[in-house]
Amino acid sequence: MDWWQTTVLYQIYPRSFQDSDGDGTGDLKGIESRLDYIKDLGVGAIWLSPIYKSPMKDFGYDIQDFRDIAPVFGTMDDFHSLSRAMKERGIKLVLDFVPNHSSNLHEWFQKSVKREAPYTDYYVWTDAKGFEPEGTPIPPNNWRSVFGGSAWEWNQERHQFYLHQFLKEQPDLNYRNPWVLQEMKNVLQFWLDQGVDGFRMDAVAHLLEDEELRDEPVKDEDSIDEYSQLDHKYTFNLPKVLDILREFRILLDKNSENGTKIMITEVYMPVEKLMAYYGNKSHPIAHFPFNFELISVSQENISAQSIYSTIMTWMDNLPKGAWPNWVSGNHDNSRMATRFGNELVDAINMIMLLLPGTPVTYNGEEMGMEDTDVSWEQTKDTVGINAGPMKYKLFSRDPERTPMQWNAGMNAGFSTANQTWLPVNPNYKTLNVQSQLNAKWSHIKVYKLLAKARKTEAIMNGELAIRVLEDCVLVYTRVKKGFPGYMVVVNFAVDTVIVDLTKLDHVPNESFIYVFSTTYAHSFTAKKRISNSEVMMPGQGGMVLTFVPEFPEETIPL
């Protein structure tokens, strides 16, 4: 097993993790000051959302300089200090890499506007289809931005439209120009030379567009989301996207002599199509594309059967030899505790951390942080602002991005500022790291035991068997002959259910409780021996059991 297979990957949203200088916004020194907490959780790798120089129209995903640190986060010296501190603690560092676009303030774009060589065609430029009677230029086609409105913006100086699949301040780079690909490979090499251990690659399915600029077919004209109204067959997941990503992977592999440099891709699409982003044995692409299926199912139908189907769909479609991963939340989606319900926080972490593959945890999910109600006046997310005061809550990502809740002190221990960049959730007085570390039983204590269990042979190399019992209880086992086995049992129903766990292969008559949900704190004790044939599972919670697997005696043929 390589490092990226054995670890938990912990996503940090830098603006909201820890403020070290009292300006109300998190920074690199703040992250460094909290590394011991992360190490103590059992985390072995951190993925940082963008920290590059940026005007922050999309909070770091609009990059003005791919080789510098945003002053709000610190300096390059601060980055190197953080990197050294992580290495001292054996924690790997994964950076966000944003290949699809830059900021419109980037030097490349400024020179492209002026048609200065070699930057003239670094971005996707095209002439107007025509002009309205009053002189307004007409976009070349009907393409829409992910964030709403036309994907085309007129530049008066160049007298052409440029493409932006996201904000108009995020012009798309032109990967049909080989110089652009080389520039971005040079950016990767720069950060590899700084000692980073890999990259999470943002929005990669958007890298190429149809050269003929054909209109996209209407799919659902009644959708409230403008982008979802079209079938994006000409702007999303074009075949040659994988060729570009293959170039990135080759570069990372060349730099992996002293340890694997990992490549993770962010793509939202059906599982059967997503698997192409793994590549194949002779031409690998991503070490893994993010698996957002647990997020998707939590927005639709939460049940034992739906979670079972979610897991099996991924495992059944997984190419031979490919490595799974599980994502329960991130900075673009509502908090896990808000989607699944606080009662199921521990249960979802149990499911995610002990399945085969790499689990990805968004900072704060280990303690069950919830979405914060952010008023229109407090809203910072441009996507929410663009939607207006009546609809901003449908689109804003601010609720899941509010500051980390460290303690019950001022601003939850996040900052000494009079005002933080986003409001702290009012529930911080009782929901915070310090209170959970001091409590007899808590989400964080459950999480730490789950991370510890990942180091065992059964979890790292054991077989997976999974079933739904009594319609509402999800059960799976991780078993390797000769080693203690593990069993995850989660009741999604509100009521208590009695289940017979001996229906699963290799499960004996008895097992021991390893860890249980905080909702079960009054029902169970750790290390207690229980009968597997009649296990009483209170509603909306879970537990992890350990057992000695039973294998039928092998018959030796005469």
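In this predicted model, Glu153 stands opposite Tyr162, a residue of strand 10. Strands here are DSSP runs of E with at least two residues, helices are runs of H or I with at least four, and both are numbered from the N terminus. Residues are numbered from 1 along each chain as its sequence is written. Because the model is predicted, local features need pLDDT of at least 70 and side-chain atom pairs count only at pLDDT 80 or more, while totals for chains, interfaces and linings use all residues.

Another open sheet holds 6 strands in the order 16-17-18-23-20-21, and its pairing is antiparallel. Strand 16 (463-469) and strand 21 (529-531) each have a single partner strand, so one side of each is left without a neighbour in the sheet. From one strand to the next, the twist averages 30°, where angles run from 0 to 180 degrees between N-to-C directions and axes are lines fitted to C-alpha atoms, for helices over the stretch in contact.

Helix 10 (residues 304-317) packs on this sheet, touching strand 16 and strand 17 (473-479), and its direction makes about 155° with that of strand 16; contact means heavy atoms within 4.5 Å. Helix 12 (residues 345-354) lies across strands including strand 18 (485-491), and runs at about 40° to strand 23.

Methods
Side-chain values use heavy atoms; hydrogens and water are left out. Two strands pair if DSSP finds at least two bridges between them.
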